[in-house]
Amino acid sequence: MTIDLSFNHVSKRYRIREEIPSNGNGNPLVTKLRALRSRATDFWAVRDVSFEVERGEALGIIGHNGAGKSTVLKLLSNITTPTSGEIVINGRLAALIEVGSGFHPELTGRENIYLNGSILGMSRREITDKLDDIVEFAGVRQFIDTPVKRFSSGMYVRLGFSIAAHLNPDILLLDEVLAVGDASFQQKCIQRISELKRSGKTIVFISHDLGAVERLCDRVLLMKRGEVITSGPARQVVAAYQSDATLSSESVEVHKKGETKEVEIRTLSFRDAAGEVRPVFETGEPLTATVEFEVHEPVENAVFGVIFFTADGQEHFEFTTDGSGESISLKPGRGKIEFSTHELGVLPGIFFTSVYVSEGNPGRVIHYHYKSTVLRVDSGKVMHGNFYMPHRWSMTQSK
Amino acid sequence: MSVPSVNTEAFEREREIVEAPRRVRRITAPSFSPLGLLRGIVVLWQYRDLLYTLSVHRIKVRYKQSVLGILWAVLQPLSLMLIYTLVFSVVARIPTGGTPYPIIAFTGLLLWTLFSTAIINSTNGLVSHAHLVTKVYFPREILPLTYVIAAVFDFLIASVVLIGLMVYYQVAVTWNVLWTVPIVLILTCLVTSMSLVFSALQVRFRDIGVALPLLLQLWMFATPVVYPLSAVPERFRWFYSLNPMVGIVESFRRTVVDGVPPDFATIGVSALIAIVLLPIAYVFFKHVEATIADVI
């Protein structure tokens, strides 16, 4: 097999300069100059990473934020250079970057296609040849000679993706492309990427969407703190990552030492309709989240909640007892609280959950489990939009 | 909404055509080398389409949504000329040796506008494209270069006014006017080197962008832009001519207005400085380029 891409003991160091706090008096210029001479701390974003990608292979790279995935991508696409080691790229490489980042609002759609296409490395002739396909795929034919500042955000995104999707590289880099846009758009991305893969392109895919990684990639690297810790078949490595994510839980203690918590959260688990505990659910499935707790001292007006974070740390949604208007009073002993939904409304992704119990809301936090459990959602009901809204429908017909 | 499918057959066709020998690229830690200069030029040539598209874009965008559009390229040096004519030919009189002052001023301002707009715009060129620089690779020198190209384009447009002025003042044109081509070429080399250095420095030290207009203002008065070289006392001339812009502006004026060949001593100094500076500036730029995305 031909090797299309190889990383040989590649490291990337960033120098982080410490800001010397100014003591208020003293010349600001002197402080600035002193800061220039201050000692920099080294941060190894990527440390001694080696791997190879064969022609036609799809490699996935997964890991937490700050694991070094994006740095690997930046090194591959030559946006930045390694501190040591060597990267060999055999063929034309293109990165499917955040769509539309090269657009200029004053230029028309057509002009922007040329602009963006050439930024991505296409020749003018190539763009002229593909112009029709690009416009058709984006569905913006009527507006092609309108300045893109008049475009709706949906048209903007579609045109941006369409340009990138019509690149014809030997090696394709994908970074979180599936994280943008609605489900139909993501579907389109996946479909296009599968087609590229079938036509024999070499693909490197970096994503938090573990479902997509599993579906697209032949092999996956798991990165942690700048190093590759596991590599192997997709399913195996994704499973390893999930168990790792669960283990890396941190319980945030909000109490001073020696003090006992009135309430302690013990476990959080997800169950399906049959009552089975599962880590993976599909969009539209029923789900029950069970929080088990132990009460040491009585608490009036307690509030329980489970917050779901996206992989990049944004709060995505919450289950809480607060919204119901009923107040909970806890008596010493063990108990459990169940949050359930008939249809899980979130789209595919991986979600970190935090569990808390507090007195009043917003009130005093009694116990807080920070990002303790992982919920993975795979595509079930395929939806357009940002989330699945549970709904019914009925029909009437007249002659 | 249906999900459009993509013509897979087209891909297959492309694949057969594209199965040409592939380019192998090696990326390693940055290092200074004359070979790097050559490699840089080869890669820049591969990206010539981007240079072209971005330069056209630069020119188009500048005058979009302005009523006067491309006329601004003419109006800028023209209005400056009127101001200086008022100051130096009506209020304070400068001896011009018989040449009409507006022509003296316009030739100087024409070249100076090219010089200063190219440098000022390109200095901010990398920083203002941070969103691109951190997301996709292309030879970074393309960004400052497009501003230089746009300034040269504006220069050509504004030159039409110079022709008009020469007709109006009945200035005779000789074959010596052809010297303007190498003179403008030398100026472009000089502008390019300075744009490369300043834009690379601006990424790390934003002070450059702030100090630059002031520096250029001083530089303009140290160059025979709004006065003729003959107004400079003879004993300072030698030192004065070390400024590469002196030879460029003066030689341009001599060949166009006076119809005589350039002064080879002063233009020689300018040419030498420009030719030595350009490769140095390019190697410096390429060295800084490697870490631009980390710093910007």
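**View 1. Strand S4 of chain A and strand S1 of chain B pair in the antiparallel sense, over 4 bridges.** Pairing here asks that DSSP find at least two bridges between two strands. Within this pairing, Ile89(A) stands opposite Arg25(B) in S1(B). Helices (H or I, at least four residues) and strands (E, at least two) are DSSP runs, numbered from the N terminus. A friendly note on the model: it is predicted, so local features need pLDDT of at least 70 and side-chain atom pairs count only at pLDDT 80 or more, while totals for chains, interfaces and linings use all residues. Residues are numbered from 1 along each chain as its sequence is written, and chains are lettered from A and ligands numbered from 1 in the order in which they are written.

**View 2. Here 43 residues of chain A are in contact with 38 residues of chain B.** Contact takes C-beta atoms, placed from the backbone, within 7 Å of each other. On the chain A side, the elements giving two or more residues are strand S4 (84-90) and helices H3 (109-119), H4 (124-138) and H6 (183-198). That side has 14 nonpolar, 20 polar and 9 charged residues.

**View 3. Ser31(B) sits in the loop between strand S1 (24-27) and helix H2 (34-46) of chain B.** Ser31(B) counts as exposed because 10 other C-beta atoms lie within 10 Å, and the cut-off for exposed is 12 or fewer, with C-beta atoms placed from the backbone. From Ser31(B) to Leu214(B) is 183 residues in sequence and 34 Å in space, C-alpha to C-alpha.

Notes: A residue is buried if 20 or more other C-beta atoms lie within 10 Å of its own, exposed if 12 or fewer, and partly exposed in between; C-beta atoms are placed from the backbone. Two residues are in contact if their C-beta atoms, placed from the backbone, lie within 7 Å. Ala, Val, Leu, Ile, Met, Phe, Trp, Tyr, Cys and Pro count as nonpolar, Asp, Glu, Lys and Arg as charged, and the others, Gly among them, as polar.
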